[in-house]
Amino acid sequence: MYPKVEILNLSDISKDTWDRFLKSNKDQATVFHTQEWMQTLQDAFHYKPRYLVYEEDEITFNAAMPFMVDTRFGIRNYFSMPYDTYGGVIGDSSKFQSLTNAFANLPGIGMKYYVDYGRHVQQGGGYKRIRTSTELLDLSRSGDDIWNRM
């Protein structure tokens with residue numbers, strides 16, 4: 001029954017399909033949304049990459065939220081893309097709240113960490129909201145000059 005929100009594994013979405021989705025949302029997509037980034041986190045930290053997707057029909061999805069599952073000592077924790085500063089929900093902004101609500105209601109007793117990328121997603125219950133920011137550093141200067149300006 002459509003529309004629906006569904007959890008997909010990394011292998012459930014072909015690289016070509018995901019890349020087309022990122023390209024169609026190029027104003028929101030970053031390197032942290034790519035399957036390569038998700039694979040890197042899986043290889044480095046043994047997280048399980050997942051997608052929450054909002055589907056209007058059986059062929060396409062309108063919005064998606066990549067996230068990671070970390071299970072330790074039998075406790076499952078969810079991270080809306082750890083170790084990045086530009087990730088989160090992308091696609092049709094009218095579907096963002098549906099995806100963050102679904103994220104808040106994922107099963108298990110572990111924590112759910114939603115990184116707030118300044119997209120004005122309403123605060124929901126069920127997850128810890130983390131604000132993030134990025135600092136840019138001009139590396140064209142000498143090391144001494146960089147340290148003296150900090």
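1. Phe-103 is buried, with a relative accessible area of 0%, where buried means under 20% relative accessible area, exposed over 50% and partly exposed in between, with a 1.4 Å probe and protein chains only. The model is a predicted one, in which local features need pLDDT of at least 70 and side-chain atom pairs count only at pLDDT 80 or more, whereas totals for chains, interfaces and linings use all residues. Residues are numbered from 1 along each chain as its sequence is written, and side-chain values use heavy atoms, with hydrogens and water left out.

2. Phe-103 forms an aromatic pair with Tyr-78 that is edge-to-face, at 6.5 Å centre to centre and 75° between the planes. Rings of Phe, Tyr and Trp (its six-membered ring) pair if their centres lie within 6.5 Å, and planes under 30 degrees apart count as stacked, over 60 as edge-to-face and the rest as tilted. This pair links distant parts of the chain, with Tyr-78 in strand 4 and Phe-103 in helix 3 (residues 96–104), 25 residues apart. Tyr-78 is buried as well, with a relative accessible area of 3%.

3. As for the overall layout, the protein has 4 helices and 7 strands, and along the sequence they follow the pattern β-α-α-β-β-β-β-α-β-β-α. Helices (H or I, at least four residues) and strands (E, at least two) are DSSP runs, numbered from the N terminus. Of the 150 residues, 40% count as buried. The protein exposes about 9,100 Å², of which carbon and sulfur atoms supply 52%; these areas come from the Shrake-Rupley method with a 1.4 Å probe, and for residues only the protein chains shown count as cover. Among contacts (heavy atoms within 4.5 Å) between residues at least 6 apart in sequence, 59% join residues at least 24 apart.

4. Strand 2 deserves attention next. Because 6 of its 8 residues are buried, strand 2 is largely enclosed by the rest of the structure. Strand 1 (residues 4–9) and strand 2 run antiparallel and are joined by 6 bridges, two strands being paired if DSSP finds at least two bridges between them. On the other pairing, strand 2 and strand 3 are antiparallel over 8 bridges, and a hairpin joins these two strands through 5 residues.

5. Val-53 can be followed through both of these pairings: Val-53 in strand 2 is the bridge partner of Glu-6, and Ala-64 in strand 3 is the bridge partner of Val-53. Leaving aside residues up to four places away in sequence, Val-53 touches Lys-4, Val-5, Glu-6, Leu-8, Ile-13, Phe-61, Ala-63, Ala-64 and Leu-99.

6. Which residues have the most contacts inside the largest nonpolar core? They are Ile-13, Trp-18, Tyr-51, Val-53 and Phe-61, in a core of 18 residues; such a core is a set of buried Ala, Val, Leu, Ile, Met, Phe, Trp, Tyr and Cys residues joined through side-chain atoms within 4.5 Å. Helix 1 (15–24), helix 2 (35–45), strand 2 (48–55) and strand 3 each supply at least two residues of this core. Apart from it lies another core, of 12 residues, including Tyr-54, Phe-67, Val-89 and Leu-99.

7. A search of the whole structure finds 10 aromatic pairs. One of them is formed by Phe-32 and Trp-37, which are edge-to-face at 4.9 Å centre to centre, with 80° between the planes; Phe-32 counts as buried at 17% relative accessibility. Ring pairs also link Trp-18, Phe-21, Tyr-51 and Phe-61 into a cluster.

8. Strand 3 (residues 61–72) and strand 4 (residues 75–79) run antiparallel and are joined by 5 bridges, with Val-69 standing opposite Tyr-78. The two strands form a hairpin with 2 residues between them, and Phe-73 in the turn has a positive phi of about 55°. Phe-73 is exposed, with a relative accessible area of 86%.

9. Most residues other than glycine have a negative phi. His-46, although not a glycine, has a positive phi of about 65° and lies in the loop between helix 2 and strand 2, where His-46 is exposed, with a relative accessible area of 65%. Phe-73 is likewise not a glycine, and Phe-73 lies in the loop between strand 3 and strand 4.
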